[in-house]
Amino acid sequence: MARWEQFEVWTQTGDKWEMLASFHDFELASAMARTRSNKMRLVHAVYEGRKMIEQDILAELGATRSEKDG
């Protein structure tokens, strides 16, 4: 089974995380992530076939406190 990796940009909408884009190049993914104004994650993901087998959050930017913390 083929094994491959990519860098993903995820954004939080309400309580759900949604993938916005994926890139094979870290620099491109990082540049895309920096343009986001809401809460986002830059993730390194490894897949075997169509199944994700590893996921590392490289950066999390945006609102890191809950709304109650002010």
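Let's start with Phe 23. Leaving aside neighbours within four places in sequence, Phe 23 is in contact with Gln 6, Phe 7, Val 9, Leu 28, Ala 29 and Met 32. This is a predicted model, so please keep that in mind throughout. Phe 23 lies in strand 2. Is Phe 23 buried or exposed? Its relative accessibility is 17%, and the cut-off for buried is under 20%, so Phe 23 counts as buried. Take one of those contacts, Phe 7. Phe 23 and Phe 7 are 16 residues apart in sequence, yet their C-alpha atoms are 5.2 Å apart in space.

Now the overall layout. Along the sequence, the pattern reads β-β-α-β-β. The chain has 70 residues, and buried residues make up 27% of them. Look at the contacts with a separation of 6 or more: 43% of these involve residues 24 or more positions apart.

Next, Phe 7 itself. With 13% relative accessibility, Phe 7 counts as buried. Again leaving aside neighbours within four places, Phe 7 has a list of contacts that includes Ala 21, Phe 23, Phe 26, Ala 29, Val 43 and Leu 58. Ser 22, His 24, Asp 25 and His 44 are also in contact with Phe 7.

Which residues make up the largest nonpolar core? There are eight: Phe 7, Val 9, Ala 21, Phe 23, Ala 29, Ala 33, Met 40 and Leu 42. Strand 1, strand 2, helix 1 and strand 3 each give two or more residues to this core. As background, nonpolar side chains tend to be buried together in soluble globular proteins.

On to the helix. Helix 1 covers residues 26-34, and its buried residues are Ala 29, Ser 30 and Ala 33. Why do these three sit on the same side of helix 1? Because they cover an arc of only 100° around the axis. The general rule is that an α-helix has 3.6 residues a turn, so residues three or four places apart point the same way. What do the buried residues of helix 1 pack against? They pack against strand 1 (3-13), strand 2 (16-23) and strand 3 (40-48). On the face turned away from the buried side, Glu 27 and Arg 34 are exposed. The N-terminal end of helix 1 is capped by Asp 25. A side-chain oxygen of Asp 25 lies 3.3 Å from the backbone nitrogen of Glu 27.

Aromatics next. How many aromatic pairs does the structure hold? Two. Take Trp 4 and Tyr 47. Their ring centres are 4.6 Å apart and their planes are at 10°, so this pair is stacked. Trp 4 is in strand 1 and Tyr 47 is in strand 3, so the pair links parts of the chain 43 residues apart. Trp 4 is partly exposed, with a relative accessible area of 33%. Tyr 47 is buried, at 11%.

Then Phe 7 and Phe 26. This aromatic pair is edge-to-face, with 5.4 Å centre to centre and 70° between the planes. Phe 7 lies in strand 1 and Phe 26 in helix 1, so the pair ties together parts 19 residues apart in sequence. Phe 26 has 34% relative accessibility and counts as partly exposed.

One charge over a ring as well. Arg 41 lies over the face of Trp 17, at 4.0 Å from the ring centre.

Now a loop residue. Where is Lys 39? In the loop between helix 1 and strand 3. Is Lys 39 buried or exposed? Lys 39 counts as buried, at 19% relative accessibility. The side chains of Lys 39 and Glu 60 are joined by a polar contact of 3.4 Å.

Last stop, strand 4. Met 52 is found in this strand, residues 51-61. Met 52 is partly exposed, with a relative accessible area of 30%. Beyond its neighbours within four places in sequence, Met 52 is in contact with Glu 8, Ala 45, Val 46 and Tyr 47. Tyr 47 is also the stacking partner of Trp 4. Finally, Met 52 and Arg 3 are 49 residues apart along the chain, and their C-alpha atoms are separated by 9.6 Å.

Note on methods
Residues numbered from 1 in each chain as written. Predicted model: local features only at pLDDT ≥ 70, side-chain atom pairs only at ≥ 80, totals over all residues. Heavy atoms only, no water. Buried < 20%, exposed > 50% of the residue type's maximum accessible area, 1.4 Å probe, protein only. Helix = DSSP H or I, 4+ residues; strand = E, 2+ residues; numbered from the N terminus. Arc of directions from axis to C-beta. Contact = heavy atoms within 4.5 Å. Polar contact = N/O pair within 3.5 Å; in protein donor to acceptor, adjacent residues only side chain to side chain. Phe/Tyr/Trp six-rings, centres within 6.5 Å; stacked < 30°, edge-to-face > 60°. Lys NZ or Arg CZ within 6 Å of the ring centre and 35° of its normal. Core = buried A, V, L, I, M, F, W, Y, C linked by side-chain atoms within 4.5 Å.
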